Each structure stands twice: as C-alpha cells, then as structure tokens.
Amino acid sequence: MSKSAPKRRMITSALPYANGPIHLGHIAGAYLPADIHVRHLRSTGEDVLWICGSDEHGAAITLRAKKEGTTPREIVDLYHEEMQKAFTGLDISFDHYSRTSSPKHHQVAQEFFRTLMEKGGFEVKTEEQFFDEEAQQFLADRYIQGTCPSCGHDGAYGDQCEKCGKTLSPTELVNPKSTLSGSTPVLKPTTLWYLPMGRHEAWLREYIVEGKLDGQPHHDPKTWKAHVLGQCRSWIEGGLESRAMTRDLDWGVPVPVEGAEGKVLYVWLDAPIGYITATMEWCEARGQDWKDWWQDPNAELLHFIGKDNIVFHCIIFPILLKEHGGYNLPTNVPANEFMNLEGDKISTSRNWAVWVTEYLEDFPEGSDAMRYVLTAIMPEQKDSEFTWSDFRDKVNNELADVLGNFVNRVLVLTKKYYGGEVPAAPAPEHLTDTDRALLDALAAAPDKIGGLIQRHRYKEAQLEAMNVARLGNKYLTEQEPWKLQKTDPERTATIMHLTCQVVGNCAVLLEPFLPQTAAKLAAACGLADARWADAQPDMVQPGTTLEELPILFAKIDDDTVA
Ligand SMILES: [Zn+2]
C-alpha cells in the first residue's frame, strides 16, 4: 500500500442494536468521535463516506419479542425510527443510515457467505447443542445463561460474560439454564458452520502487532490505541478458537444452503457485512461504484466502535474480509472505552442511562451543549464518567461564560461602534506584541486542531478549538476597547478587527464539535461556505456587516439538572 494519503476514506460506526434506544454512552463511544472526524475531513475537502445502520438480527431481539408477545419486526421497526431520531437530534451526520433486515442486505450477506463457503472458509460440524424441550428451540447466545467458567459470575450468557468480558460458547457455561423457560436444557445434534479462527493466527499477529499484511507495510501500529492493541494481542496469544457462524433461529439472514432451513447467519457475521450493504445502497443511488470504497487500495477503512466490539472488528471481520478476498482491511480501529453515569455502569436492562431522545425533549436546543460535554469527557484511553453537575458546570462556565460571552461582546461592540461593520485591518507596524501573539495563535490553530482530530484525540482537539475563543475572550477583556473608544479610536478599531477575526475562525474550527453554533457564527460573519483552509488570521473581510445573534448558550440552573 502506498504511503501517500488515501484517495478515499471509508468510515463506519458500529451498527447500533435495534433492541433499545440510544443513550449517551453509545454517542460518546462510536458516533460522536466519528462525527467530529468526518466533519473535519469534509471541511478539508477529503473524499469521505460515513455509513451506519441498525443491527436488527440476533437472539436478544427474538428473545425480547417472545417475552413481550410481539414480533421481532415490530421491535426493530420501532427502534430503527427511534435511533435515527436520536442521531439526527444530536447532529450525527452519517452519509447513509441503513438497516440489516432489508432484502438487499440479506442478499449481500448470503452472497458473502457463499463465497466464504466456496473458498473452504468454514468447518461444517454436526454436534450436540443445548435444546429447550419446553420451548422447542436450540439455545445459543442470550437464550442460555449460567455461571461464567472464568470469573464465576452467575448471569453469563451463551456468547459472553458481561462481567469479565470473556466470550463463551454455551457448552462452557457451568449449570446452564434456558432463559426462555428456566429449564435445564438437553443436548441434541444440529449442524453448524464454524469459522476456524486458529488458521488465521499467523497473519493476524503480523497485521495487528507489526501493521503488515501479506508481508507489506499496511499501517503504523503505533497509531493504534494501546488498549485496542492490548485486547487484540491477548486474544491472539490466548489462541483463537473456532466460532460458530450460524444459529438455529427463525430471525436473521437464512443460511443459503439447501437443507439448512431454520438456520440463520450469526449476527456478528451479518452485521459488519451491513457496512458493505449500506455502502452499496449509497453508491447505487449516485451511480458510483461501491468497490472504490472497499476494494480500491487507495481507499482507507476506519471503524469507530466501543471497546466491547474490538474482537469483532480487529479479528473476526478482518478474517472474513481476507478470506473472501479483494477487500481492504481496517488501517485503524479507534475504539473508545466506556462512559459511566453518575458513578455506575450504564445499563439498558437496568434502565440506568440518559436516553438521547429524552434529553432532547428536556433540552430541545441542547445538541451542541451535549456534544461539547461528551467530547470533553470522551473515554478515549480510559473509562470516564458523566454527571449532571459536571454537565451544568461545563455549559455555564465554558460554553456560556467563555464562547457565548465572547461572541456576544464582539457582535454588540461592533454594532455599537461601527454599525456592525468589521473595521479595517490595522497596519502591521501598529500591531502590539499581544496582537501578534493572538494572530500567531490563529495561524497555528487549524493545523494543530486538525492534527489532533486525525490522531483520534478529539478531547484535546476540542480543548484547542475552545482555546481560540478563550484567547479572544481574554484579549478583549484585557484590551478594554470600551475604555479607549472615545480617546483612541484607531486602537479600538484594531482590537475589534482582531476579535472579529477570532469569531470568524471559531465558525470554522468549532464546526466539527459544535455544528449548530458554528453555523450561527458563520452566518453572522458572512462565512457560510468557509472550509478548514479558510480559517486564517484575516478571514473576515473588513466592511462585512456582522449580524446580531440571540444568546448562544442559556445558562443551566441547579433545578434543571437536579
Ligand atoms: Zn466472567
């Protein structure tokens, strides 16, 4: 692979599971970092495609339908709508949002499975599996619960122990019970298609540890997060065991083999293929070739996920892509850790979460405020914690007192002194050291912020972007143009010219983080089409009439978040 910048960037965010609404932990994990990343790439004019969609298969959905006396279709339809509302409400700007229950995806996933089968990518085994005689169903994944053989946790599922994170197969559980009937299951033979992961250990180790693929440099492993590499290494060093890629279920992508009625693809086989299906849909609607995004060596693949999905995106999906042949493998998987809520782990089943659509009902204009706070505490390298008191403090002390206050003062003073027109640029010889320091900071900011974003350091990037506003605010406070306006109009004009430039730069540099606020600033400064490269110390033209803005961030009082 060439070392030059890729022509196209194919970006995916984990397909959210259509079994419950979107909460803040989801947003901070796989969606907001990707949104910041993609917005920056778009602003720099890169060719980028960001896709996502609802993951609508799997045992958790069928199980829930059974318990609620409804159908899987009703559940996924409900949450497919609900999740899109949440994403739109927080300005998560996917290029395309699809779903895995579509006929198109079934066809694409089956085709992929057939190719793997033809290449000998599976081992077909008939073996004894747990069966619930009362419910007349084979038990896998969430249908079976027991004691974790690794940590002793009582409620481990047939696919994973949520306590210690170990992936399991049902037969490893101690004292297994059916979650359908509570009965002890019996063993019954069935045929399963296994992915023999052990076969792939050698090249995976080279790919993960050295960043090499087929002996060629593929990516720099130093750019991967330490916790991602650590998890992958321990998987590979622990020895990769074969995993069943089919299930005996009636909801999912049917196994495209004669005689395999009643069997579907394992949800973790079909879900990542959903990225490809979604890309096909987007390309077909535009007369483009989807292969340019997935198979062209000049395209780069990047997966945004939470840490619970690392093994699927760094090991299992790469195996599937390589075994199929022709596909690019990810050059990075910048997984985030978890965000906790008020001292406890976020949990959908325990209803311990802040649901995005509920937040937006309470704060209809609150998209930027929540994006800001979630980015400020983004769990990039370690788990973090969301609290409402911290939310209030960050909105009040940073967004309202620094950014909002600064912009408001600049617009009000420009209106008062010059009828809203940006004053002329000062002659260079009239600039003070303080002025020059401010201009230097503006000149350096775009590369500094952009570099941090592209290295997946979104928290620091936002801090640097806010520092531009913070610098402007401090400069304005210290220069006190309101004391000079009568005695030294020339100096006042210099100060106001420079602070107008800071507002203009904020319109571009804050856009990946605070898109609504940035759009307001851009409109006020006549910079609606400004891109990243336009962020310059002289970007706002003298004579431009600045429009007034309503207050950018209302302060939050204690009662609102109590
Ligand atoms: Zn465990």
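1. Just after helix α14, E480 takes a positive phi of about 45 degrees. Helices (H or I, at least four residues) and strands (E, at least two) are DSSP runs, numbered from the N terminus. The model is predicted: local features need pLDDT of at least 70, side-chain atom pairs count only at pLDDT 80 or more, and totals for chains, interfaces and linings use all residues. Residues are numbered from 1 along each chain as its sequence is written, and side-chain values use heavy atoms, with hydrogens and water left out.

2. Helix α14 spans residues 458–479, 22 residues in total. From first C-alpha to last it reaches 31 Å, close to the expected 32 Å (1.5 Å times one less than its number of residues). Its buried residues include Y458, M466, Y475 and L476 (under 20% relative accessible area, 1.4 Å probe, protein chains only).

3. An open sheet holds four parallel strands, ordered β3-β2-β1-β15. Strands pair if DSSP finds at least two bridges between them. β3 (96–99) and β15 (299–304) are the edges, each pairing on one side only. β1 (residues 8–13) and β15 share six bridges; S13 has F304 as its bridge partner in β15.

4. The domain assignment (automatic or database) gives domain 1 as 1–119 + 268–386 and domain 2 as 387–534. Their centres, taken over C-alpha atoms, are 34 Å apart. In domain 1, 34 residues are in contact (heavy atoms within 4.5 Å) with 26 residues of domain 2.

5. About 2,900 Å² is buried between the two domains, 61% of it from carbon and sulfur atoms. Buried area is the accessible area (1.4 Å probe) that two parts lose on being put together, summed over both. H40, D368 and Y372 supply 25% of what domain 1 buries against domain 2, more than any other three residues.

How values were computed: Buried means under 20% relative accessible area, exposed over 50%, partly exposed in between (1.4 Å probe, protein chains only).
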